[in-house]
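Work through the exercises below on a ligand and its surroundings. Try each task before reading its solution.

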Amino acid sequence: MPYDVPHIINGQPIVIKERNLNIYNPATGEVIGHVGVADQLLVDKAVKAAQSAFETWSTTPPPQRAKILFQYKFLLDQNIDQLAKLVTQEHGKTLAEAKASVQRGIDVVDYTCGIPNHLKGSFAEEVAKDMDCYSLHQPLGVCAGITPFNFPAMIALWMFPMAIACGNTFILKPSEKDPSCSVRLIELAMEAGVPKGVINLVHGDKETVDVLLMHPGIKAISFVGSSAVAEHVHQTATIHNKRVQAFGGAKNHCIVMPDADPDQVADALVTSAYGSAGERCMALSVATIIGEKFTDALIAKMKPRIEQLKIGPGTEAGVEMGPLVTQQHWERVKSYIDIGKQEGATLVVDGSEYKPKNFESGFFMGGTLFDHVKPSMRIYREEIFGPVLSIVRTPDLNTALKLVNEHEYGNGTAIFTRDGYAARTFAEKVQAGMVGINVPVPVPVAYQSFGGWKRSIFSDIGMYGSEAVRFYTKLKTVTQRWFPRT
Ligand code: NAD
């Protein structure tokens with residue numbers, strides 16, 4: 001019997017069924033649940049609850065807020081397996097991948113526990129006679145977060161814990177494709193002591209997002225998703241006077257120098273490109289390999305690995321790659337594989353028709369590898385967001401670097417080499433926000449900050465770490481002079 005996923009407003013679960021969307025188990029293709037689309041009325045209700053909670057929450061001392069966040073982190077740690085199961089059930093990735101992603105979210109909650117320190121500002125004594133100057137970081141009001149399907153727990157945890165730690169209240173709008181784990185995240189936050197109305201949850205698609213973007217009661221929007229939607233979010237929220245950070249899509253290149261260790265690189269490329277079925281904004285999807293012979297040798301190492309990937313339901317032990325999230329997404333990825341063939345790229349491994357036994361109705365696809373990909377091809381230029389890796393053969397580092405830098409996306413990138421000077425030159429010159437040196441998925445740790453460049457971001461402020469404190473607070477600088485009583 002399919003379940004209904006509730007909205008949560010002012011601590012109360014609400015199920016509405018006027019416009020319902022299906023939730024699938026990607027491993028079987030079955031409809032396992034429904035989620036209602038929040039309309040203007042429901043969003044109004046959520047904004048009112050958040051505005052009312054803001055009055056008390058914003059004046060709750062940061063050390064008291066930190067105590068609740070410590071308790072939240074403790075509950076998340078205790079419930080990590082259950083959260084991972086919810087991710088796998090609706091997203092499809094393996095339990096190990098799901099658990100690792102929840103952990104990456106918990107790491108950010110860990111950072112928010114230091115909020116009294118992060119908010120303490122600076123103080124300049126005696127800037128003139130009897131005069132001091134100091135800074136305050138004050139909350140914005142009601143903030144909203146809109147998340148993509150690929151990391152339903154992690155990206156939500158990148159947003160609301162820091163927003164509320166800074167004294168704001170929050171409305172989360174998760175992806176309609178896998179909304180259940182966000183319900184559990186918010187239940188646990190309330191169990192930890194977050195007061196009613198401080199975090200609210202509304203579900204939906206474009207209809208709900210557009211209401212949030214234009215709502216006068218919302219002060220800031222944090223968005224993660226595809227670039228086309230990120231651009232729309234950035235424009236609309238800006239017109240409606242909101243602070244906005246919008247993170248978009250990616251086409252992450254790596255450069256493989258001929259001195260790199262071929263076994264290490266083959267391993268790194270396979271895990272990065274095909275992990276989470278390629279549905280990661282930091283997955284490597286283009287390998288620019290230097291030298292013809294070295295490219296042939298690397299392909300010879302990778303091909304059997306890709307063909308032998310263990311593909312199946314994410315809940316099964318030993319599975320390395322789960323299904324894609326929906327049939328619609330499967331068709332999109334498949335269409336790119338067809339385009340690549342038509343464009344004349346060499347199809348080294350074709351995973352497009354692969355179905356594991358007994359799961360023929362699931363949204364499965366095998367790993368696909370294209371060689372001789374050219375920068376003019378659509379499979380090179382556009383984001384595929386599936387288990388497809390393209391190899392571009394390049395003669396030298398400068399040519400490879402030029403390719404990376406001329407691509408419209410600039411999220412993550414990596415170089416594989418044993419040459420320190422090449423690595424240093426790459427880190428200095430590459431046009432991308434997150435750089436790996438012999439690290440294939442260079443997602444920064446929770447106490448640094450996350451963010452791409454170019455069309456991978458529409459704003460100039462990163463996610464989590466100190467950037468998040470800046471995003472979720474307004475700076476006020478006080479200059480004071482006190483005179484002696486006469
Ligand atoms: P998406 O853009 O389709 O959806 C993201 C969110 O926007 C969802 O909550 C969805 O309900 C909403 N939405 C969808 N269409 C909309 C529209 N027309 N108007 C308003 N809102 C809309 O993205 P997705 O398919 O859920 O996620 C995959 C994309 O996210 C990929 O492009 C991936 O690269 C990107 N991503 C980027 C990062 C990053 O940090 N840069 C991280 C994860 C995912």
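**Exercises on the ligand site**

The model is predicted, so local features need pLDDT of at least 70 and side-chain atom pairs 80 or more, while totals for chains, interfaces and linings use all residues. Residues are numbered from 1 along each chain, and side-chain values use heavy atoms, without hydrogens and water.

**Exercise 1.** Find how many residues surround the ligand.

Solution. Step 1: apply the cut-off, a heavy atom within 4 Å. Step 2: count; 29 residues surround the ligand, and Lys-173, Glu-176, Ser-226, Gly-248 and Glu-383 are the closest.

**Exercise 2.** Find the distances from ligand atoms to polar backbone atoms of Gly-248 and Phe-149.

Solution. Step 1: look for pairs of N or O atoms within 3.5 Å. Step 2: Gly-248 has such an atom 2.7 Å from a ligand nitrogen.

**Exercise 3.** Explain where the ligand lies relative to domains 1 and 2.

Solution. Step 1: take the bounds, 3-248 + 457-478 for domain 1 and 252-437 for domain 2, from an automatic or database domain assignment. Step 2: both domains give residues to the shell, so the ligand lies between them.

Note on methods. A polar contact is a pair of N or O atoms within 3.5 Å; within protein, one must be able to donate a hydrogen and the other to accept it, and residues adjacent in sequence count only if both atoms are side-chain atoms.
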